[in-house]
There are 2 protein chains.
Amino acid sequence: MANEYFFGVDLGGTNVEMGLLDEEGTIVAYVAEPTKAQEGPQSLVERVAEACCGLAKQAQVPPDKIKALGIGSPGPMSMSQGKLINLGNLPEFKNFFLRAELSRRLELPALLENDANSACWGEFWLGAGRDVNDMVLFTLGTGIGGGIVIGGELIHGSDENAGELGHMIIQTDGRQCTCGQNGCVEAYASATATVARAMEALDEGCESELVDLRRKNGMLTCKDVFDCAGTGDSLANEIVDGTARALAQICVSMRHITEPEMVVLTGGMIKAGDILINRVRGFYEEMVWNLKPEPMDICFAELGGHAGFIGAAGLAVHAHKHHQQRLYPSGT
Amino acid sequence: MANEYFFGVDLGGTNVEMGLLDEEGTIVAYVAEPTKAQEGPQSLVERVAEACCGLAKQAQVPPDKIKALGIGSPGPMSMSQGKLINLGNLPEFKNFFLRAELSRRLELPALLENDANSACWGEFWLGAGRDVNDMVLFTLGTGIGGGIVIGGELIHGSDENAGELGHMIIQTDGRQCTCGQNGCVEAYASATATVARAMEALDEGCESELVDLRRKNGMLTCKDVFDCAGTGDSLANEIVDGTARALAQICVSMRHITEPEMVVLTGGMIKAGDILINRVRGFYEEMVWNLKPEPMDICFAELGGHAGFIGAAGLAVHAHKHHQQRLYPSGT
């Protein structure tokens with residue numbers, strides 16, 4: 001039996017995933033349950049704490065071997081204060097000190113990290129990036145999030161919001177983004193934006209298999225667009241190329257900025273598989289300079305939906321070993 | 001008298017600037033002399049070494065108080081190997097181990113850094129960025145270079161070429177850059193690109209005071225464009241706005257990527273003064289999202305042409321105190 005164990009909690013709008021891992025990353029127990037955010041933050045704390053205690057019992061890990069707890073949560077949030085700023089627009093969670101509450105309830109040092117950074121650390125620790133030191137992760141879903149590892153450390157920036165990579169501007173005066181900026185990569189290459197670009201083309205009268213799909217289902221999904229591209233539909237291919245080119249462009253820019261060895265793509269969109277990764281790689285090769293070779297792995301995440309709680313636990317391991325001051329209460 | 005002193009050498013195509021600084025950054029002696037690259041690398045090593053010895057004598061600093069030497073040089077180069085890869089296209093300098101040669105000749109531990117990073121560190125240590133922990137520097141000249149400080153450390157990336165910020169792509173399928181990419185910020189906002197955009201507009205028949213200036217001088221300079229903008233010329237103002245908007249766009253993107261507290265602009269273009277900085281700041285405020293306030297200082301460098309040797313000396317101080325392994329020969 002390993003000597004030290006760590007809880008990882010990934011708080012999502014729908015489910016909370018919780019795991020107990022040893023310091024090498026072996027998952028010894030795991031459970032997911034509904035978030036039920038509407039029951040309020042104290043109920044959440046109770047249920048998470050009880051579930052964590054249940055994991056320890058189930059795996060027969062004695063409490064004194066469990067050293068710390070990492071929590072991943074959607075933003076906006078304050079990592080340094082361990083505070084949710086908002087969660088699913090539920091007012092009860094506004095400014096809730098989740099880290100302190102769970103730390104007290106479980107009698108463990110704890111840290112809070114945003115969910116994209118947690119997933120990034122999970123992939124860096126045990127997933128696609130386990131053999132590199134410098135990595136960038138993009139989460140491709142409704143929006144686009146990011147995480148940056150430099151020299152083996154996640155970066156947080158001067159105000160804890162580094163890595164908001166969906167809001168890199170890829171086009172001057174470009175498409176409007178929900179964030180208020182114009183030309184963000186999220187406004188082109190998120191799942192939502194991919195569908196929106198397809199719908200706009202259909203509204204302009206473009207011919208495509210997507211016309212029938214939309215009529216039949218009353219809507220379009222990002223999967224529809226990728227599926228039709230896969231069967232040769234010309235408009236769908238144009239839309240997918242637009243998404244892949246936008247992603248390739250930020251891969252080129254990130255290569256010149258923090259120069260990672262690897263870019264890892266994760267989130268719902270990667271279910272599209274080869275059609276996505278091959279095109280992003282192809283456009284990257286086309287677009288990147290020729291002054292010197294810039295080999296960079298662009299690949300899919302390997303931990304799937306588990307990256308969040310694995311990464312949260314991994315951040316607790318890392319803090320416990322190297323940065324005790326990052327754990328609340330400080331000095332424990 | 002201070003206890004420890006450090007040499008800083010800034011190798012340029014035209015001049016070499018050399019200074020002797022104490023660990024607080026006080027310059028106790030300084031000299032600049034012609035590079036004379038055509039005389040070859042060994043001659044350069046001799047002349048730099050002699051000039052450095054001269055500085056120590058002039059300031060009456062005994063040799064045992066001088067602890068290390070920092071060298072800044074134009075790229076391409078290898079920092080880890082201390083090797084120039086090329087210098088002003090002079091074949092004699094190809095793959096020259098400048099760090100080892102100067103280290104032996106001066107009997108001092110040494111490091112080699114690229115010139116944009118050296119200038120960045122100079123501004124971070126003693127210039128505009130002296131009160132921040134996270135900073136980005138853009139050098140605005142013939143091209144656009146960059147440097148990134150995160151949490152008090154310069155970042156180098158996985159292949160020693162992080163911070164090539166002139167090659168962030170700001171426009172999909174945009175203007176061709178000399179690097180081979182399309183849409184680089186350098187292709188819009190460098191001094192060269194600013195002039196090129198003005199010339200293209202004139203060639204298209206736009207009216208402007210620049211027409212006469214070009215006729216009179218047989219050419220246009222970036223200063224001409226900024227000067228004419230200052231006196232109200234409409235085309236010149238459009239061109240300057242294009243430059244300022246491109247720079248503001250990368251400021252927005254960098255804010256979301258590494259989230260610096262401050263962006264420092266340096267290089268020949270900053271002689272344009274208020275017209276440049278005010279417009280970059282104005283466009284930044286217009287362009288950045290409104291999800292949360294993103295206050296970020298955008299300001300000019302303060303050390304002028306001295307940032308290079310000051311930064312090189314500062315990197316030697318920093319390595320001597322915190323990262324001995326960065327000094328060659330290692331372990332000294």
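Student: What does A:Asn95 count as, going by relative accessibility?

Tutor: A:Asn95 counts as partly exposed, at 38% relative accessibility. The cut-offs are under 20% relative accessible area for buried, over 50% for exposed, and partly exposed in between (1.4 Å probe, protein chains only).

Student: What should I know about the model itself?

Tutor: This is a predicted model: local features need pLDDT of at least 70, side-chain atom pairs count only at pLDDT 80 or more, and totals for chains, interfaces and linings use all residues. Residues are numbered from 1 along each chain as its sequence is written, chains are lettered from A and ligands numbered from 1 in the order in which they are written, and side-chain values use heavy atoms, with hydrogens and water left out.

Student: Back to A:Asn95. Where is its place?

Tutor: In the loop between strand S6 (83-84) and helix H2 (98-106) of chain A. Helices (H or I, at least four residues) and strands (E, at least two) are DSSP runs, numbered from the N terminus.

Student: What is phi near for A:Asn95?

Tutor: Near 60°, a positive value in a residue other than glycine. Most residues other than glycine have a negative phi.

Student: Which residue has a phi near 50°?

Tutor: A:Glu259, again with a positive value in a residue other than glycine. A:Glu259 is found in the loop between H8 and strand S11 (262-266) of chain A. A:Glu259 is buried, with a relative accessible area of 0%.

Student: What does the side chain of A:Glu259 meet in a salt bridge?

Tutor: The side chain of A:Arg255, at 4.0 Å, N to O. A:Arg255 is buried, at 3% relative accessibility. A salt bridge is a side-chain nitrogen of Lys or Arg within 4 Å of a carboxyl oxygen of Asp or Glu.

Student: Why would such side chains pair?

Tutor: Because side chains of opposite charge can pair when their charged atoms come close.

Student: How many salt bridges are there over all chains?

Tutor: The structure holds 32. One of them joins A:Glu33 and A:Arg47, at 3.9 Å, N to O. A:Glu33 sits in strand S3 (residues 27-34) of chain A, and A:Arg47 in helix H1 (residues 41-58) of chain A, 14 residues apart.

Student: Which of those two is buried?

Tutor: A:Arg47, at 17% relative accessibility. A:Glu33 is partly exposed, with 23%.

Student: Now chain B. What does B:Glu294 meet in a salt bridge?

Tutor: B:Arg255, at 2.6 Å, N to O. B:Glu294 lies in the loop between helix H9 (274-287) and strand S12 (297-300) of chain B, and B:Arg255 in helix H8 (residues 234-257) of chain B, so the pair ties together parts 39 residues apart in sequence. B:Glu294 is buried, with a relative accessible area of 7%. B:Arg255 counts as buried too, at 3%.

Student: Which residues make up the network there?

Tutor: A:Asp159, B:Arg255, B:Glu259, B:Lys292 and B:Glu294 are joined by salt bridges that share partners.

Student: Where does B:His256 lie, and what does B:His256 touch?

Tutor: B:His256 lies in helix H8 of chain B and is buried, with a relative accessible area of 1%. The residues that B:His256 touches include A:Asn161, A:His167, A:Gln181, B:Trp289 and B:Glu294, leaving out residues up to four places away in sequence. Contact means heavy atoms within 4.5 Å.

Student: How do chains A and B relate? What rotation superposes B on A?

Tutor: A rotation of 180° with 0.0 Å of shift along its axis, at an RMSD of 0.0 Å. That is the relation of a two-fold axis. Copies are superposed by least squares on the C-alpha atoms of residues with pLDDT of at least 70 in both.

Student: Which residue of chain B comes closest to the rotation axis?

Tutor: B:Gln171, at 2.3 Å (C-alpha). The same surface serves both copies: 100% of the contact residues of chain B recur in chain A.

Student: Last topic, peptide bonds. Which residues does the cis bond with B:Pro76 join?

Tutor: B:Gly75 and B:Pro76, with omega about -5°. B:Pro76 is found in the loop between strand S4 (66-73) and strand S5 (77-78) of chain B. The bond from B:Tyr328 to B:Pro329 is cis as well, with omega near -5°. Most peptide bonds are trans.
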